[in-house]
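Dear colleague,

Please find the structure below, handed over for your review. The findings follow it, grouped by topic.

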Amino acid sequence: MASGWDASAQAWIAVQGDDGDFGRVHVLDAPMLAIVEQLAPARVLDVGCGEGRFCRMLADRGIITTGIDPTAALIDQARALHPHGDYRIATAEAMEVEAASCDMAVCYLSLIDMADLDAALARIVAAIRPGGHLLIANLTSFNTAAVHVGWEKPLLGEPRFPIDHYLSERPVRTAWRGIDIINHHRPLKRYMQALLSHGLMLTHFDEPPATGGPPDKRDRYNRVPNFHIMAWRKPA
Ligand SMILES: C[S@@+](CC[C@H](N)C(=O)[O-])C[C@H]1O[C@@H](n2cnc3c(N)ncnc32)[C@H](O)[C@@H]1O
């Protein structure tokens, strides 16, 4: 099944703009950067880096970055905006990265895009040095179980955000603002069990709220499950 990312690349670049979209600017960037600053990695591998926004933010902080993404038009944009950066076209499942070569791997809203979670995690974990970290921002499974339905607005009563078929792993088509892609819904246990099976240790978990942006959008965001952040440590 095609992921839709090649056809959606230009719309994605437009939606991110100069700074990033609502969820990045007003929800995830600050707590993600706080963890990076706390763990102080020298080398970061950003898997599913898109048009390179987070790599540029890390490079601005003196971190050596490698960005991996299968969507050629997004890697072209990443290279154009960060000519000295290291950007490579590959899926997480098939990327060839030197073993134990990074202090931290980052998956910033990209695990949901990876069709084969086990193959992807095997390569990601292999790229992290012993004692290094895996930093994840992901759409929560409670959200991806609802995304095909979205907000229901009955004639009477409160809008609802219904969850259905929570335990069934499946591809889910999702479309907004010219982007039309496949995400993969997996129950939370699927991610947790896969990460635990690599011997990783959970060191941080959060469901950060939106803290800025237009108040109506912030309040609507904070009503339902959206993103979570996890940091895992690979045993030394
Ligand atoms: C939601 S975007 C996030 C991009 C970037 N991390 C950011 O936060 O702006 C998901 C990214 O995952 C990439 N992607 C899709 N399938 C992938 C795979 N199998 N392995 C790695 N990345 C993948 C897409 O090309 C896209 O750039």
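Helices (DSSP runs of H or I, at least four residues) and strands (DSSP runs of E, at least two) are numbered from the N terminus. The model is predicted, so local features need pLDDT of at least 70 and side-chain atom pairs count only at pLDDT 80 or more, while totals for chains, interfaces and linings use all residues. Residues are numbered from 1 along each chain as its sequence is written, and side-chain values use heavy atoms, with hydrogens and water left out.

Loop positions

Gly62 sits in the loop between helix 3 and strand 2 (64-69). With a relative accessible area of 64%, Gly62 is exposed; here buried means under 20% relative accessible area, exposed over 50%, and partly exposed in between (1.4 Å probe, protein chains only). From Gly62 to Arg123 there are 61 residues in sequence and 25 Å in space, C-alpha to C-alpha.

Gly213 belongs to the loop between strand 8 (201-206) and helix 8 (215-221) and is partly exposed at 30%. Although Gly213 and His26 are 187 residues apart along the chain, their C-alpha atoms are separated by 6.3 Å.

Most residues other than glycine have a negative phi. Ala40, however, has a positive phi of about 50 degrees; this residue lies in the loop between helix 2 and strand 1 and is exposed, at 57% relative accessibility. Ala100 has a positive phi of about 55 degrees. Its place is the loop between strand 3 (86-89) and strand 4, and Ala100 is partly exposed at 39%.

Ligand site

The ligand is surrounded by 18 residues, the closest being Gly48, Asp69, Thr71, Glu93 and Tyr108; a residue is near the ligand if one of its heavy atoms lies within 4 Å of it. By class, this shell has nine nonpolar, five polar and four charged residues, where Ala, Val, Leu, Ile, Met, Phe, Trp, Tyr, Cys and Pro count as nonpolar, Asp, Glu, Lys and Arg as charged, and the others, Gly among them, as polar.

Polar contacts are pairs of N or O atoms within 3.5 Å. A ligand nitrogen lies 2.7 Å from a backbone N or O atom of Gly48, and a ligand nitrogen is 2.8 Å from a side-chain N or O atom of Glu93. For Asp113, a polar backbone atom is 3.4 Å from a nitrogen atom of the ligand. On its own the ligand has 590 Å² of accessible area, of which the protein covers 95% (Shrake-Rupley method, 1.4 Å probe).

Core and cysteines

The largest nonpolar core has 52 residues; such a core is a set of buried Ala, Val, Leu, Ile, Met, Phe, Trp, Tyr and Cys residues joined through side-chain atoms within 4.5 Å. Those with the most contacts inside it are Leu28, Met32, Phe54, Ile124, Leu134 and Leu135. Helix 2 gives the most to this core, with seven residues.

Ile136, in strand 5, is buried at 0% relative accessibility. Its C-alpha is 5.6 Å from that of Ile229, 93 residues apart in sequence.

Cys49 is buried at 8%, and Cys55 is buried at 0%.

Kind regards

Conventions:
Polar contact = N/O pair within 3.5 Å; in protein donor to acceptor, adjacent residues only side chain to side chain.
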